[in-house]
Amino acid sequence: MNHNLLKGKRGIIFGALNEQSIAWKVAERAVEEGATITLSNTPVAVRMGDTNKLGEKLNAEILPADATNVEDLEMVFSKSIEILGGKIDFVLHSIGMSPNVRKKRTYDDLDYDLFNKTLDISAISFHKMLQVARKLDAIQRGGSILALSYIAAQRVFYGYNDMADAKALLESITRSFGYIYGRDKGVRVNTISQSPTMTTAGSGVKGMSDLMDFSERMAPLGNADADDCADYCVVMFSDLTRKVTMQNLYNDGGFSGMGMSLRAMKQYSNGLDESTTE
Ligand SMILES: NC(=O)c1ccc[n+]([C@@H]2O[C@H](COP(=O)([O-])OP(=O)(O)OC[C@H]3O[C@@H](n4cnc5c(N)ncnc54)[C@H](O)[C@@H]3O)[C@@H](O)[C@H]2O)c1
């Protein structure tokens, strides 16, 4: 449903790899709501993934960039202003990757060069984005910048590994930079903490299907999917949330407020029954 919430707004969406990507859904919804956008992803993702397909569909130019590289980011912000014809109103950072997870290094056996890469790609890149945008004065007053997080920043989730530390840092950067950007330029900075979602990055998480089943049973509204996340992002980019900044906002069907639900309890006791009869 189109509400014209982003009519006339200009945005940059980082991290749309394929149709499953959360950023893909956000890009589609943002354009549906009247925005014009540019898309960015790593050169290899643009070559191997479907970003070009999305660009054609949405009439959005693609600016290949490694988000850990400051010069690449400078290019993305300055070219986007040129292409879209003015300062940027909203930005989505939808980027995450742990080389330790990929290499199956457990949290008590991390490779530290890889740990640095996890933090750089998944969290420090957000600081780089904010710093570049501010130095170039690329964001319109009242603009809105979002990154995507996960509740493993606050609580331990088996298998989430060093991405938990990356998300904790991401949320901290959101607060620290949000203060400066709000004070100086009236720009909002927030994270949305999303339910587990079956995407390329999501499927790398150990035990992802079980995790999704668990949170589905725990959350009173069930898991939020990528489309739900896209709707929330649109509202956060819009003028309806002008005074919301420095927040970590849960889009998780209520999971973060729960301790134990009836559905999860039933499943757990079924499991116990089975294990005692085996
Ligand atoms: N899927 C989930 O369960 C879930 C839950 C909560 C939060 N998130 C977060 O949502 C965001 C998007 O992930 P997704 O689930 O849509 O998966 P995805 O795999 O579709 O997206 C991850 C993106 O990060 C990009 N990327 C990796 N390294 C990069 C770099 N150096 N520079 C620029 N881009 C780079 C990838 O190319 C890819 O497009 C991530 O921050 C992820 O942690 C995902």
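**Exercise 1.** In this predicted model, find how many bridges join strand β6 to β7, and how the two strands run.

*Solution.* Start with β6, residues 188–194. Follow its pairing with β7: 4 bridges join the two, and they run parallel. For a landmark, look at glutamine 194, which stands opposite asparagine 251 in β7.

**Exercise 2.** Now work out the strand order of the sheet, and explain why one side of β3 and of β7 is left without a neighbour.

**Exercise 3.** Which strands does helix α6 lie across, and where does α6 bend?

*Solution.* Take residues 112–135 as α6 and place the helix over the sheet: it lies across β4 (88–93), β5 (139–149) and β6, at about 165 degrees to β4. Then trace the helix itself to isoleucine 124, where α6 bends by about 50 degrees. Its buried residues include Phe126, Met129 and Leu130. The buried residues pack against α4, β4, α5, β5, α7 and β6. Finally, just past the helix, aspartate 137 has a positive phi of about 50 degrees.

**Exercise 4.** How many residues surround the ligand, and how do they divide by type?

*Solution.* Collect the shell first: 26 residues, the closest being Ser21, Gly96, Thr199, Ala201 and Gly202. Sort them next: 12 are nonpolar, 13 polar and 1 charged. Last, look for contributing elements; α1 (22–32) and β5 each supply at least two residues.

Conventions
Residues numbered from 1 in each chain as written. Predicted model: local features only at pLDDT ≥ 70, side-chain atom pairs only at ≥ 80, totals over all residues. Pairing = 2+ DSSP bridges. Contact = placed C-beta atoms within 7 Å. Axes fitted to C-alpha atoms, helices over the stretch in contact; angles between N-to-C directions. Near = placed C-beta within 6 Å. Nonpolar A, V, L, I, M, F, W, Y, C, P; charged D, E, K, R; others polar. Bend = angle between axes of the 7 residues up to and from the residue. Buried ≥ 20, exposed ≤ 12 C-beta atoms within 10 Å, placed from the backbone.
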